[in-house]
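Please walk me through this structure, starting with its charged side chains and ending with a pair of helices.

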Amino acid sequence: MTTSIEQISLSAKNYSKALVEMVRDNVISFEDLSKDLATVSEILETSQDLRLTLENPTVSEEVKSQIIEEVFKNEVHPQVVSFLKVLIDKNRFSEFSQIKADYEIKLDDVNKIQAVEITSAVELSEEYRERILQKLGEKLQKNIRPNWKVDENIIAGLIYRINDNVIDTSIKSKLDKLNKNLM
């Protein structure tokens, strides 16, 4: 399940900030925390019953904490288990996917990584992809994590989607603009 930036609540952002602080305090590394959050996410996606139980308001906090301890104690860092228990205690466990998504955004920011969706009309050669990534990296002054897509409808050119910004250099876009001007 992907979470867009607009869907992340303020409380989820605050909890993800606490995760970043754990890393900055050298409690756990960024890499280990990222792996642990992915593990928790995978377990929750695999077991819908577990997720529903942990999000169920009629199940006591004590029972939920015991479940968290049993399920995750051998899977993730003890601080991550404690963090999950805090989410239970504060009735915020349902925001876990938002917290994880915001943590990943913060992690990218710390590591100067920018996710970019790049759409082309045809599959691009590796050499051409590398040139695009180099130019984008220089322009944005960040390392680029590309998500390559192909859409034959754009005819030629590229469409870049960076967060909420779209840069459309496709022929289809130019033809549409020309068509509007002619009308």
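A salt bridge is counted here when a side-chain nitrogen of Lys or Arg lies within 4 Å of a carboxyl oxygen of Asp or Glu. By that rule there are 12 salt bridges. Side chains of opposite charge can pair when their charged atoms come close.

The model is predicted, and local features need pLDDT of at least 70, side-chain atom pairs count only at pLDDT 80 or more, and totals for chains, interfaces and linings use all residues. Residues are numbered from 1 along each chain as its sequence is written, and side-chain values use heavy atoms, with hydrogens and water left out.

One of the salt bridges joins R92 to E95, with the closest N and O atoms 2.7 Å apart. To place such residues, relative accessible area is used: under 20% is buried, over 50% is exposed, and in between is partly exposed (1.4 Å probe, protein chains only). R92 is partly exposed at 31%, while E95 is buried at 9%.

Helices (H or I, at least four residues) and strands (E, at least two) are DSSP runs, numbered from the N terminus. In the pair of E104 and K100, the closest N and O atoms are 2.7 Å apart. E104 is partly exposed, with a relative accessibility of 35%, and K100 is buried at 15%.

D102 and K106 are the other pair, with their closest N and O atoms 2.3 Å apart. D102 and K106 are also four residues apart in α6, about one turn of the helix. Here the acidic residue D102 is buried, at 5% relative accessibility, and K106 is partly exposed at 24%. Elsewhere, salt bridges with shared partners link E117, K149 and R161 into one network.

The next topic is helix packing. Two packed helices are described by the angle between their axes and the distance between the axes. Axes are lines fitted to C-alpha atoms, for helices over the stretch in contact, and angles run from 0 to 180 degrees between N-to-C directions. The axes of helix α2 (residues 30-46) and helix α3 (residues 48-55) come within 5 Å and cross at roughly 100°. Angles under 35 degrees count as roughly parallel, over 145 as roughly antiparallel, 65 to 115 as roughly perpendicular and the rest as oblique. The helices α2 and α3 are therefore roughly perpendicular to each other.
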